[in-house]
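Please read the following briefing alongside the sequence and the coordinates. It goes from the overall fold to the relation between chains, and then to individual residues.

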2 protein chains.
Amino acid sequence: MKSSGPILRSIPEGDDRERLVCGDCGFVLYENPKIIVGAVCTWGDRYLMVKRAIEPRLGYWTMPIGYMELGETTEQGALREVWEEARAVAEVDGLLAVFSIPQISQVHMIYRARMVTPEFAAGPESLEAGLFGWDEIPWDHLAYPNVRMALDYERQVKGRAAFAPIGL
Amino acid sequence: MKSSGPILRSIPEGDDRERLVCGDCGFVLYENPKIIVGAVCTWGDRYLMVKRAIEPRLGYWTMPIGYMELGETTEQGALREVWEEARAVAEVDGLLAVFSIPQISQVHMIYRARMVTPEFAAGPESLEAGLFGWDEIPWDHLAYPNVRMALDYERQVKGRAAFAPIGL
């Protein structure tokens with residue numbers, strides 16, 4: 001009988017937790033927490049932000065951030081998102097935040113990065129991109145609480161070469 | 001025809017990368033990097049280490065470390081591993097290291113933690129557990145280069161309340 005993928009719950013032999021198994025072929029899906037990588041990028045005193053062109057939170061603002069892909073480091077993933085969403089080139093110089101969200105099994109790793117040039121543009125997943133002074137940031141239209149927390153912490157550690165990342 | 005799970009490579013509609021798809025039911029497997037969490041735990045000047053009872057690196061020593069599970073934070077995962085592998089109770093007090101290993105799409109997050117009591121014992125995935133002074137650590141029988149790097153960095157930041165994690 002067609003089960004349409006790994007949708008049956010059972011404990012595989014030698015395991016101690018329920019996993020999702022496909023009734024057609026026996027494939028066991030080992031689900032693991034997903035990593036989201038992003039970067040608070042600055043050019044001088046201004047912050048690089050993008051307006052989301054996709055759900056969830058379409059039309060709200062965030063730093064460039066998205067799912068880490070296979071075959072990259074966390075820093076490379078963060079800078080890839082900066083390029084994909086804001087068409088900017090940046091360099092990582094510290095880990096700002098590690099936010100675990102166990103309710104949805106995500107770990108957000110947000111870096112501090114400096115833009116290498118002042119160029120930017122909206123990528124395909126962004127409606128707009130912008131470089132904002134602190135007071136110009138669209139504070140009332142941020143996509144997630146993490147965005148504000150990461151921006152606040154970036155400001156707090158400005159000028160410090162080394163700092164501990166904040167967490168949740 | 002039975003394809004035995006998501007083993008066919010194709011680019012799903014609306015995506016821009018090849019994913020593994022099941023030829024039986026069309027299930028798309030979005031593979032993501034996996035998070036490994038662990039902790040360098042100390043009791044006074046001594047370090048909690050376990051001898052692996054499972055492959056890979058069976059018989060070699062490491063700090064407690066393993067796959068992060070769904071529904072937990074990175075800190076909770078690290079402390080769960082401390083309990084599962086070394087039957088010790090500890091408290092996290094900082095993030096020591098974030099090691100990306102893009103060749104195998106893993107991110108290792110290793111915390112600094114203090115044992116709450118001096119009790120420990122080998123868990124089911126360990127042949128032995130031990131509390132070692134620095135010079136007693138089985139340096140020639142460590143499971144991975146990450147183990148030495150995390151131990152060295154713990155020693156380097158000893159006594160410091162806040163520090164940046166090292167990375168690869």
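The secondary structure of chain A comprises 2 helices and 11 strands, where helices (H or I, at least four residues) and strands (E, at least two) are DSSP runs numbered from the N terminus. Along the sequence these elements of chain A follow the order β-β-β-β-β-β-β-α-β-β-β-α-β. This is a predicted model, in which local features need pLDDT of at least 70 and side-chain atom pairs count only at pLDDT 80 or more, whereas totals for chains, interfaces and linings use all residues. Residues are numbered from 1 along each chain as its sequence is written, chains are lettered from A and ligands numbered from 1 in the order in which they are written, and side-chain values use heavy atoms, with hydrogens and water left out.

- The C-alpha trace of chain A spans about 60 × 35 × 30 Å along its principal axes.
- Of the 168 residues of chain A, 51% count as buried; buried means under 20% relative accessible area, exposed means over 50%, and partly exposed lies in between (1.4 Å probe, protein chains only).
- Taking contact to mean heavy atoms within 4.5 Å, 59% of the contacts in chain A between residues at least 6 apart in sequence join residues at least 24 apart.
- Chain A exposes about 8,100 Å², of which carbon and sulfur atoms supply 53%; accessible areas come from the Shrake-Rupley method with a 1.4 Å probe, and for residues only the protein chains shown count as cover.

**Annotated domain**

- An unreviewed UniProt entry places the feature "domain: Nudix hydrolase" at residues 32-155 of chain A; UniProt positions are given in the numbering used here, feature names are shortened, and annotations may be inferred rather than shown by experiment.
- Over residues 32-155 of chain A the chain is 19% helix and 41% strand, and the end C-alpha atoms are 33 Å apart.

**Relation between the two chains**

- A rotation of 180° with 0.0 Å of shift along its axis superposes chain B on chain A with an RMSD of 0.1 Å, which is the relation of a two-fold axis; the superposition is by least squares on the C-alpha atoms of residues with pLDDT of at least 70 in both copies.
- In chain B, the C-alpha nearest this axis belongs to Ala164(B), at 2.3 Å from it.
- The same surface serves both copies, since 100% of the contact residues of chain B recur in chain A.

- Side chains of opposite charge can pair when their charged atoms come close.
- Arg17(A) and Glu69(B) meet in a salt bridge, at 3.3 Å from N to O. This pair crosses between chains, from the loop between strand 1 (6-10) and strand 2 (19-22) of chain A to the loop between strand 7 (65-67) and helix 1 (74-86) of chain B.
- In that pair, Arg17(A) is partly exposed at 29% relative accessibility, whereas Glu69(B) counts as buried at 13%.
- Within chain A, Glu128(A) forms a salt bridge with Lys51(A), the closest N and O atoms being 3.3 Å apart. Because Glu128(A) lies in strand 10 (residues 126-132) of chain A and Lys51(A) in strand 5 (residues 46-52) of chain A, the pair ties together parts that are 77 residues apart in sequence.
- Glu128(A) is partly exposed, with a relative accessible area of 36%, and Lys51(A) is partly exposed, with 22%.
- Glu18(A) forms a salt bridge with Arg9(A), with the closest N and O atoms 3.8 Å apart; Glu18(A) counts as partly exposed at 45% relative accessibility, and Arg9(A) as exposed at 56%.
- A network of salt bridges links Glu72(A), Arg80(A), Glu81(A) and Glu84(A).

**Nonpolar surface residues**

- Trp83(A), Val89(A) and Val116(A) form a nonpolar patch on the surface, with about 270 Å² of accessible area together. Patches are made of residues with over 30% relative accessible area and no salt bridge, with like charges joined within 9 Å and nonpolar side chains (Val, Leu, Ile, Met, Phe, Trp, Tyr) within 5 Å.
- Trp83(A) lies in helix 1 (residues 74-86) of chain A and is partly exposed, with a relative accessible area of 42%.
- Ile7(B), in strand 1 (residues 6-10) of chain B, counts as exposed at 52% relative accessibility.
- Leaving aside its neighbours within four places in sequence, Ile7(B) is in contact with Leu20(B) and Val21(B).

Technical notes. Salt bridge = Lys/Arg side-chain N within 4 Å of Asp/Glu carboxyl O.
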